[in-house]
Amino acid sequence: VRERWPETRIIGIDRRDVLDEALRLGIVDVAADGLGALADSDLVILAAPVRQNVVLLDQLERHLPRPAVITDAGSTKRDIVEAASRLPDRLTFVGGHPLGGAAAAGLTHARADLFVDRPWLLTPTTGQQQSEALEKLTVFVRALGSTPQIIDAGTHDRLVGFLSHLPQLTASALMAVVGEAVGLDGLTLAGRGLTDTTRLASSPPAIWCDIAASNADHLGPALDMLIGRLQDLRDDLTDGQRLRETFDRAVYWRQQLPKLN
């Protein structure tokens, strides 16, 4: 935002150590630790862990006296879309989820091209205000280099449960198992395969605890499917028929990814 609209007044709300760094880098114009600083904002983006976003959304009415568009960057959508139904008419919420980022979190890992050429999912509901807010957000997202896509909140949560949440839990569980089994000395022998496969294992747990809790009804069955597949492989180690079938299907689907992204 700073790179594309240098004259825009950007208000950052976060912990003091983060705010001090944001001011030092010139990323924000105003640094605050409370929502009162948002009074004159046209656009509010909630980028806390997903359950905290819902809490913040419920508090915004007291701090935004004039019309504003509100969106979020959370990885689950149903809870916050439901909470948004309680907002007064002057505040219009459209859920958002940029499908870009990095395994490491924090301001020091931020960069201006983070969302370039990546989808940015938007979950509007209905109504004239929604249409106007959606149009504004679509322009905003495209200017950041992303491709806006419309999706309903329920479909969003089911799809990202498989596409994002399941891979995260899998990578973290795999790294924990391997590390605890072989220790530091054993890890000195690790190749690129383990490094590439477990890249996501650097992700902060606080964010993912919220995501798992808010999407448990989709993530639970996804884990069951993976566990079932792993159990098939476990039961078939000596014969290898299920292993061959799994590898064949995996090769096919993996070859499709570069064609679709």
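## A short briefing on this predicted model

At 23% relative accessibility, histidine 63 counts as partly exposed, because that label covers values between the buried limit of under 20% and the exposed limit of over 50%. Please keep in mind that this is a predicted model. Here is a friendly tour, starting with that histidine and ending with the whole chain.

**Around histidine 63**

- Histidine 63 sits in a loop, with helix H2 (50–59) on one side of that loop and strand S4 (68–72) on the other.
- Which residues does histidine 63 contact, leaving aside its neighbours within four places in sequence? The partners are Leu35, Gly36, Leu38 and Ala39.
- Glycine 34 is 29 residues from histidine 63 in sequence, and their C-alpha atoms are 9.6 Å apart in space.

**Glutamine 128**

- Helix H4 spans residues 128–143, and glutamine 128 is found in it.
- Is glutamine 128 buried or exposed? Its relative accessible area is 58%, so glutamine 128 counts as exposed, the cut-off being over 50%.
- Alanine 212 lies 84 residues away from glutamine 128 along the chain, and 33 Å separates the C-alpha atoms of the two.

**The H8 and H9 pair**

- Helix H8 covers residues 216–235 and helix H9 covers residues 241–260; the two pack with their axes 7 Å apart, at an angle of about 140°.
- That angle makes H8 oblique to H9, because only angles over 145 degrees count as roughly antiparallel.
- On the H8 side, Arg229, Asp232 and Leu233 take part in the meeting of the two helices. Their counterparts in H9 are Arg242, Leu243 and Thr246.

**The chain as a whole**

- How many helices and strands does the protein chain have? There are nine helices and eight strands.
- Taken along the principal axes, the C-alpha atoms fill a box of roughly 70 × 40 × 30 Å.
- The protein chain has 261 residues, and 33% of them are buried.
- Consider the contacts between residues at least 6 apart in sequence: 66% of these join residues at least 24 apart.

- The accessible surface of the protein chain comes to about 15,600 Å². Carbon and sulfur atoms account for 56% of that surface.

Definitions and conventions. Residues are numbered from 1 along each chain as its sequence is written. This is a predicted model: local features need pLDDT of at least 70, side-chain atom pairs count only at pLDDT 80 or more; totals for chains, interfaces and linings use all residues. Side-chain values use heavy atoms; hydrogens and water are left out. Helices (H or I, at least four residues) and strands (E, at least two) are DSSP runs, numbered from the N terminus. Buried means under 20% relative accessible area, exposed over 50%, partly exposed in between (1.4 Å probe, protein chains only). Contact means heavy atoms within 4.5 Å. Accessible areas come from the Shrake-Rupley method with a 1.4 Å probe; for residues, only the protein chains shown count as cover. Axes are lines fitted to C-alpha atoms, for helices over the stretch in contact, and angles run from 0 to 180 degrees between N-to-C directions. Angles under 35 degrees count as roughly parallel, over 145 as roughly antiparallel, 65 to 115 as roughly perpendicular and the rest as oblique.
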